[in-house]
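Here is a short briefing on a model. Please look over the sequence and structure first.

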Amino acid sequence: MRLRATAAICLLEIALWPGPGADLGARERQPLQKKNIQIGQPAPYAPELEGREEKGNPVYWDPKPHVVPLGNGKYALKWIGHSGRELTLLYQRPDVVDVIVEADAVLGPQNQLRYKYLVRNLRTSKQNLGGFEVRTFTTAVKPQSSPSFYATDPAHIRQDIDPIRDGLWIRFAPLGSRTQIRPGQSVVFELTSPARLGILECRVHADTLTMMGVGEEPPSVLEDLYLGRDAWPQGYTIGPDERLAKMSLAARLKYLVERLPQMLQLGWIENQKVMQWYGTNLKAGKVA
Amino acid sequence: MTITVEYPGEDGPAQATLPPLALEAYTTKDVPLDSVLGSLPLPLPFCSIRIQYSGAPGSAIGEVSSVEAKGDLVIDSRLANERDGWVGSGAHPWHLDEETESILFLTNMSEKSARIGFDMVAGGVHYYLTRLKLKPHETRAIDLRKVRDDQKPDLKGNKVPVGATDGSVVWTRLDHVPVMGRLVVLQRHRKMASSYDCYICDCAPDFFDLDIDPAAIAILVYESILFEGVAWFQEHCNQYEWPYYVDASFQSLSPPVATVTTEGTATGQSGGTATIKAFYTDYVYIYDHVLIDCIEHPRQRTGYGTTDVFTFTVNISPSTIAPVNAGTPNTTTVTVQTNPVTPNQTVTLQDVRVANTGGHLNHPLPNTNVSGTFNPSSGTTNSQGSFQSTYTAKEFGGEYQIKATIQEITVTGPITLRVQVQGLGELSAGGNYAHVGQIPGIHEQNWFGTSSTRNGLVATANACAGDANCQGSSVPYNDISLPWGGKFDSNTGNWTTLHSQHRVGRNADINVCSPWGNQDRRDYLWQKLGDASVGGASARLDECSTHNCWHITW
């Protein structure tokens, strides 16, 4: 059986009539959403007393950190180094890619679901794709790695992560300079899991996050400007979610109904009318 | 007749006597002093002439003429009998300008010490010298310019007005001994010298009152202060009153609060107010017209003073602050509180870094950088007896003692200020990563970080070891942060360093340069560092550009 992300109701293991007028493939998916978090000027940095002149006058180091936008998501992080020279560190925003994620899940042997994620780095992107991450809620997940792509090994994760409570982000990323996913190119990542299929978050980031040193570390207020994962383009896709197995039927229906507007927004449901049809039937318990 | 020259010697007043000479009745003799001058330790600033004669009192008169050796200035001074009824006090006008000096000469003509009352008046201000005492036969020259220009406050806090040019100087002997005084006003531009030696009263002034100096003062518990007696003398022939420091005896009327020695050293014992009592005996004089002399009558007088004894405390709030440029808050409020409430106490604050704290061991921290700043660093206690200041930390982690000083007593706050980035923990040892970068005896603990940083580093190394593409030698973890965070120098005492971060536990250096591994291995390691489920790092700076010494940020 082949399941499409737009038919996520299959996770209920029910046969649900799609209703009149439904054309599941007719609506274009939406690119992952960006928060467009602005990078402004850094917080003030207190000048630091470094010593005294022979006459006893204090000598301060005032790095005067500031930011100069360079366009296309690049910034010059500038400060006065201890040498007295102005230093510049080039920083690349992680959200300068426009990405659409499409996913399929196929039930395979031993009830293993095989997920395929087609990640399209759109031509409008300003940078190569640096990585794709999908949030799962299971300990039984096996990402497919390759010599060209890195994939998270669920057997070696941080101690402070509880995969069921917090979710386990599975990362896929091209390795080094051997593999590049340029604007206009796509890539497929795969994982398998026996866990039921849920509607889960995913996110991507642009390549080139390594900054090259300039002889001194930047003042901390400039490091504070680095954008975290919350600034990455993000959206929803399908993925393994063990939590669903513990839900009652009513809870699963509620889970679906709550996500119908999200599915419409993401382009998984064609229009309002179809969404209402699903909502009416799900609420009525017409699941068999 | 014997002529004696009395002059200031190295060990006190000294004398040189001319051979005796005879002065016949109704004759005048001019006696040059050249011969005796040759035996004196010249140059001398001044000397006095004493003539003893065998005739009846008043049967001889004399005059001394002083001639300037290199000029033609002559000062004539008349001679007076010892015990002359008017000798003993004087009042003279003085003048000071660029060409004029005023010098008061006082000669004790007795065999006993002579206390002197001295009052230099200018512009309505009375300036007293209250410890002036002449040894037997001592002549003292008091340069009034020096008295004016020294600007030393007297017991009342008065000073001769700066630049005063005219006034009067009044003096008296406070003991019943003969003292001769003369004010010489030298006006070189006019080649004139005026000599004043008028006298005022017959008997020495009467001792009529006793004060304690200071009359009231606040001292700290265990602090000591010296009280002194100030005797007041009053002239017979006018209303002049003379203060003079005397050796009074002291007693505390409140020993639990403050004790005092007989000599006047009081020591605070506990909070409160203590009354200090002083006793002193001196004389009043009654002139006996039969004996033609002043007769002494001893009188004891009593004086009282008070001392407020207090303690003070030093407190800080909050007691933990962040190093500057490593989080907030960077300031704490320092409160100095006196108990009982004692306003107007001058408070000075200082901080003292506790050695070997914050991760800097035996560290030559630059002195100028160690101390934080107080705003203000000194001031006075307010009407509630307290003083507050804001302390701002420097960029270093470590312990600081906050100290306050009042009246040379220093108290250290009971709570040591911690300048510390909170929430840092040490990265435990692990089999898949190596601890590098410690500087023995200087920075032995360079592996402190936030829990996120530590978990990320452990997971990254373990994941690397479990991945055939990444495994190999241990991952070399270098500096993260010092135990309490703050500025972290890369080498001993090098503060102008490229290694200026690693202050809050979210930076780690990883030395993955060759021969740790090839580019493939580094690529896998970096992906694991940046993996939200493994390393969780947010950014990577390749500090050396070419050597793969990573500066990772969480």
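The points below cover a chain contact and a sheet.

This is a predicted model, in which local features need pLDDT of at least 70 and side-chain atom pairs count only at pLDDT 80 or more, while totals for chains, interfaces and linings use all residues. Residues are numbered from 1 along each chain as its sequence is written, and chains are lettered from A and ligands numbered from 1 in the order in which they are written.

**Contact between chains A and B**

- Chain A brings 39 residues to the contact and chain B brings 42 residues (in contact: C-beta atoms, placed from the backbone, within 7 Å).
- On the chain A side, at least two residues each come from strand S2 (48-52), strand S12 (168-174), strand S15 (210-212) and helix H1 (220-223) (DSSP runs numbered from the N terminus: helices are H or I, at least four residues; strands are E, at least two).
- S2(A) gives the most to this side, with five residues.

**Pairing across the chains**

- S15(A) pairs with strand S39 (residues 539-542) of chain B, in the parallel sense, over three bridges (strands pair if DSSP finds at least two bridges between them).
- Thr210(A) has Arg540(B), in S39(B), as its bridge partner.

**A sheet in chain A**

- Five strands of chain A make an open, antiparallel sheet in the order S11-S12-S9-S14-S16.
- Strand S11 (149-151) and strand S16 (234-240) of chain A are the edges; each has a single partner strand, so one side of each lacks a neighbour in the sheet.
- Strand S9 (residues 129-136) of chain A pairs with S12(A) in the antiparallel sense over five bridges.
- Phe132(A) stands opposite Phe172(A), which lies in S12(A).

Definitions and conventions: Contact = placed C-beta atoms within 7 Å.
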